[in-house]
Amino acid sequence: MPKSVVEVRASKVDGAQRGQKMPLPSNPKTEQIIEDVTAINAFLSGFTYEGMVFGGLRRLFNEGNRDDFDYNLGGRLHCANGQGYIGMKSRERGNITINGEAVVEVDINASYLTILHALKNVPMPDRDDIYAIDGLPREVVKRWFTITMGSTKFQTRWLRRNLEEMREAGVAHKPWMTVKAVEKAVLEHFPFMQDWSKQEVRWSNLMFIESEVIIGTMLELMRQYEVPSLPVHDCIIVRKSDQDLAMRVLTEQFKAKVGIEPRLKVKQHQ
């Protein structure tokens, strides 16, 4: 298991892939974070895995140079041994077994967007898929939210990698699906996004709330039920036999930390 389980990085500067690593002070808050991640690593290392190698997890906080930083920005768990299983494609993770048992992925549908609805006190749309907007493929809408929430302003064009990601998701991009056309349709359905460039809430705030939900779920499954779970950003991988329990605990954690009930999806690969 990794000796260093918590990392803080400064905000990215133009052209850099990631922010500069910052020193980690010793105080009660950092000691508790270290204790939780260390406990998760020790617990998960007691299981056997096929289809992946478990090399431990590390919690990464972002934008550590912001004035309001207090271990409340970013905070996702990452594989300590590089990309690890998190870097696999979803279908490849379907080959993973835990103690010989097949797994499922329990996913929070539109995690950031759901959290933002709660923070803005705006009711969620009454439809199964929040990304479902008439006339637009959901992956195009989802990609628009991804790039918008990762920036402080609305984008003017798709980047090449955005188009490649949509193609990989099986979406046939049409010439009329410009960023501005998608933006217009999205803002009609989600008018509270119109002031995005002026909002104080950013991706790192949303990521932290999401990370607290995921880690809280993992800790409860571990401490109360001795059930293993592997994080993948806004979802957890659990054994099929633990699916119902994991969904209940994840729902409870989300509701406690966000204030509304999430919509969960389950991917079964085998």
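**Questions on a predicted model**

Q: What is the phi of histidine 233, and where is histidine 233 placed?
A: Histidine 233 is not a glycine, and yet its phi is positive, at about 60°. At 28% relative accessibility, histidine 233 counts as partly exposed. Its place is in the loop between strand E8 (230-232) and strand E9 (235-239).

Q: How many cavities of 30 Å³ or more does a search of the whole structure find?
A: The largest cavity has a volume of about 40 Å³, and the second largest cavity holds about 30 Å³ of space. The search of the whole structure, with its limit of 30 Å³ or more, finds two.

Q: Which element supplies the largest share of the lining of the largest cavity?
A: The lining of the largest cavity is made up of Arg76, Leu77, Ser211, Ile214, Ile215, Pro231 and His233, which divide into four nonpolar, two polar and one charged. Strand E5 (74-79) and helix H7 (203-225) each supply at least two of the lining residues. The largest share, three residues, comes from H7.

Q: Which element gives the most to the lining of the second largest cavity?
A: The second largest cavity is lined by Ile40, Phe43, Leu44, Met218, Met222, Val227 and Ser229, and two or more of these residues come from each of helix H1 (28-44) and H7. The lining of the second largest cavity divides into six nonpolar, one polar and no charged. With three residues, the element that gives the most is H1.

Q: Is methionine 218 buried or exposed?
A: Methionine 218 belongs to helix H7 and is one of the residues that line the second largest cavity. Leaving aside neighbours within four places in sequence, methionine 218 is in contact with Ile40, Leu44, Leu57, Leu77, Ser229, Pro231 and Ile236. Its relative accessible area is 3%, and because anything under 20% is classed as buried, methionine 218 is buried.

Q: How far apart in space are leucine 57 and leucine 77, C-alpha to C-alpha?
A: Leucine 57 has its place in strand E4 (residues 57-61), where, at 1% relative accessibility, it counts as buried. Leucine 57 and Leu77 are both among the contacts of methionine 218. Along the sequence, leucine 57 and leucine 77 are 20 residues apart, while their C-alpha atoms are separated in space by 6.1 Å.

Q: Which residues are in contact with threonine 217, leaving aside its neighbours within four places in sequence?
A: Threonine 217 lies in helix H7 and is buried, with a relative accessible area of 0%. When the neighbours within four places in sequence are left aside, the residues in contact with threonine 217 are Ile236, Val249, Leu250 and Gln253.

Q: Are H4 and H6 roughly parallel or roughly perpendicular to each other?
A: Two packed helices are described by the angle between their axes and the distance between the axes. Helix H4 (residues 138-149) and helix H6 (residues 179-189) have axes 10 Å apart, and they pack at an angle of about 95°. Because angles of 65 to 115 degrees are classed as roughly perpendicular, H4 and H6 are roughly perpendicular.

Q: Which helix is included in what covers the buried residues of H6?
A: The buried residues in H6 are Val179, Val182, Glu183, Ala185, Val186 and Leu187. In the contact between the two helices, Val179, Val182, Glu183, Val186 and Leu187 of H6 meet Val140, Val141, Trp144 and Phe145 of the other helix, H4. The residues of this contact divide into eight nonpolar, no polar and one charged. What covers the buried residues of H6 includes H4.

Q: Is arginine 160 buried or exposed?
A: Arginine 160 is found in helix H5 (residues 160-168). Its relative accessible area is 67%, and because a value over 50% is classed as exposed, arginine 160 is exposed.

How values were computed:
Residues numbered from 1 in each chain as written. Predicted model: local features only at pLDDT ≥ 70, side-chain atom pairs only at ≥ 80, totals over all residues. Heavy atoms only, no water. Helix = DSSP H or I, 4+ residues; strand = E, 2+ residues; numbered from the N terminus. Buried < 20%, exposed > 50% of the residue type's maximum accessible area, 1.4 Å probe, protein only. 1 Å grid on protein atoms, 1.4 Å probe; cavity = no way out; pocket = protein on both sides within 12 Å on 5 of 7 lines; lining within 4 Å. Points joined across faces, edges and corners; volume = space filled by probe spheres on them. Nonpolar A, V, L, I, M, F, W, Y, C, P; charged D, E, K, R; others polar. Axes fitted to C-alpha atoms, helices over the stretch in contact; angles between N-to-C directions. Parallel < 35°, antiparallel > 145°, perpendicular 65-115°, else oblique. Contact = heavy atoms within 4.5 Å.
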